[in-house]
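Subject: Structure for your review

Dear colleague,

Please find below the structure that I am handing over to you. My notes on what was found in it follow directly after.

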Amino acid sequence: MPTPTIRVAHLTKRFGAQVVVDDLSFEVAEGETLVLLGPSGCGKTTLLKTLNRLIEPDGGTIELNGRDVQQQKPEELRRGIGYVIQQVGLLPHYTVAQNVGVVPGLLGHPPAQTAARTTELLERLHLPAARFADMLPAQLSGGQQQRVGLARALAADPPVILLDEPFGALDPITRAAVRRNFRELDELRRKTVVLVTHDVQEAFELADRIMLLNNGQIQQLGPPRELLHHPANDFVRSFFQAEKLALEMRVLTLAELQPWLAAAHSAASPPAPSSALPLPLTASVQEALALLAEAGPAGLTLAESGQLLTTGSVLAALGQALG
Ligand SMILES: Nc1ncnc2c1ncn2[C@@H]1O[C@H](COP(=O)(O)OP(=O)(O)OP(=O)(O)O)[C@@H](O)[C@H]1O
């Protein structure tokens, strides 16, 4: 495992008699995306907020890059950690560009550098600076505000980003679009990300590992496919039961369907059109079906064999793989 960026040991937080975070110990590796998942009230937000000291724990330790967060001033600690919340929290009288530039300003970055970085981030989040930089938050849609919130969290290039239900307030279509923007941001791949959600699909889409919590305790911590295929207990099993098929489509790859895809391919199968695009075996079933829908008559082929893929053949192979 690469160097842990975040190391938590025996973390405990109580509100009155209620133990909300119950003796948790875990690490988050550099560059990893850890998703905190669990039912409402299980302690996700409380745990997240202890990491940047918005909430002080009652016991245990948190180290960030080897330094105990208690030894750092909260304001300084927070300047080095990007933070995105569902309510976005943009400053209403600041323009989009001013909002994005807040933390670099506090850190004393040169204004020209901040302006260039702001323009770059806004462009990458599909908010062309020429149109959006001088607008006020109230002039933006919810999805646009959420993108500005992401740009603001990334502006000073912090190595760690904490996100609390960042897509929660958006309608399903906007939510999917903003989430795609988020996933496609190259620089997030290098960052250590801790993200809170209660959306199982979102967790499976974004997580390297999922921490499933209940009553302040870790029920299981591992890669999505491990929680799905090897649940540690009945809580974990039943948590994913209702959405099992959709989750299987996210975790299973074409490589795992290959035996059934190959069996479906016979001498009588039509040849792939020359316009067909090759799809790697590492693609998930979900990605393959989405790309098939987009590809239309051009079609898709399995990169390895050149075999034509159809929605029907992928679904049939999935059905057989799942028995
Ligand atoms: N400041 C507080 N004072 C008292 N109790 C609190 C406080 N903050 C949170 N709690 C309680 O702690 C528990 C965990 O809350 P938390 O917000 O961490 O849960 P969550 O898993 O993020 O839930 P949700 O998905 O609904 O946001 C809840 O029972 C909540 O009522």
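Two strands are taken to pair if DSSP finds at least two bridges between them. In that sense Thr 12 stands opposite Gly 59, a residue of strand S4. Please bear in mind throughout that this is a predicted model.

Overall architecture

The chain holds 16 helices and 13 strands. Its radius of gyration is 22 Å, close to the 20 Å that the globule rule gives for 323 residues, so the chain is as compact as a globular protein of that length. The C-alpha trace spans about 70 × 50 × 35 Å along its principal axes. Of the 323 residues, 35% are buried. Among contacts between residues at least 6 apart in sequence, 68% join residues at least 24 apart.

Two domains divide the chain: domain 1 covers residues 4-249, and domain 2 covers residues 252-321. Taken over C-alpha atoms, the centres of domain 1 and domain 2 are separated by 35 Å.

The four-stranded sheet

An open sheet is formed by four strands in the order S2-S1-S4-S5, with antiparallel pairing. Strand S2 (18-29) and S5 are the edge strands, each pairing on one side only. Within this sheet, strand S1 (residues 4-15) and strand S4 (residues 59-64) are joined in the antiparallel sense over five bridges. The pair of Thr 12 and Gly 59 given above belongs here, and Ile 6 likewise has Leu 64 in S4 as its bridge partner.

S4 and S5 form a hairpin with two residues between them, and Asn 65 in the turn has a positive phi of about 50 degrees.

Strand S3 (residues 33-37) and strand S9 (residues 209-214) run parallel and are joined by four bridges. One of the residue pairs is Leu 34 with Arg 209 of S9. S9 is also joined to strand S10 (residues 217-222), by five bridges, and these two strands run antiparallel. In that pairing, the bridge partner of Ile 210 is Gly 222 in S10.

S9 and S10 form a hairpin with two residues between them. Asn 215 lies in the loop between S9 and S10, and its phi is near 50 degrees, a positive value in a residue other than glycine. Asn 215 counts as partly exposed, because it has 15 C-beta neighbours inside 10 Å.

Gln 217 is placed in strand S10. With 16 C-beta neighbours inside 10 Å, Gln 217 is also partly exposed. Gln 217 and Cys 42 are 175 residues apart in sequence, yet their C-alpha atoms are 8.0 Å apart in space.

Which residues are found around the ligand? They are Phe 15, Val 20, Gly 38, Ser 40, Gly 41, Cys 42, Gly 43, Lys 44, Thr 45, Thr 46 and His 198. By class, this shell has three nonpolar, seven polar and one charged residues. Helix H1 (residues 44-51) supplies the largest share of the shell, with three residues.

Is H1 mostly buried or exposed? Six of its eight residues are buried, so H1 is largely enclosed by the rest of the structure. Those buried residues are Lys 44, Leu 47, Leu 48, Lys 49, Thr 50 and Leu 51. After H1 comes Arg 53, with a positive phi near 65 degrees.

A further residue with positive phi

Glu 165 is not a glycine, although its phi is positive, at about 45 degrees. Glu 165 is located in the loop between strand S7 (160-164) and helix H8 (172-184). It is partly exposed, with 19 other C-beta atoms within 10 Å; the count for a buried residue would be 20 or more.

With kind regards

Terms used:
Residues are numbered from 1 along each chain as its sequence is written. This is a predicted model: local features need pLDDT of at least 70, side-chain atom pairs count only at pLDDT 80 or more; totals for chains, interfaces and linings use all residues. Domain bounds come from an automatic or database domain assignment. The radius of gyration is taken over C-alpha atoms; the globule rule is 2.2 Å times the number of residues to the power 0.38. A residue is buried if 20 or more other C-beta atoms lie within 10 Å of its own, exposed if 12 or fewer, and partly exposed in between; C-beta atoms are placed from the backbone. Two residues are in contact if their C-beta atoms, placed from the backbone, lie within 7 Å. A residue is near a molecule or strand if its C-beta atom, placed from the backbone, lies within 6 Å of it. Ala, Val, Leu, Ile, Met, Phe, Trp, Tyr, Cys and Pro count as nonpolar, Asp, Glu, Lys and Arg as charged, and the others, Gly among them, as polar.
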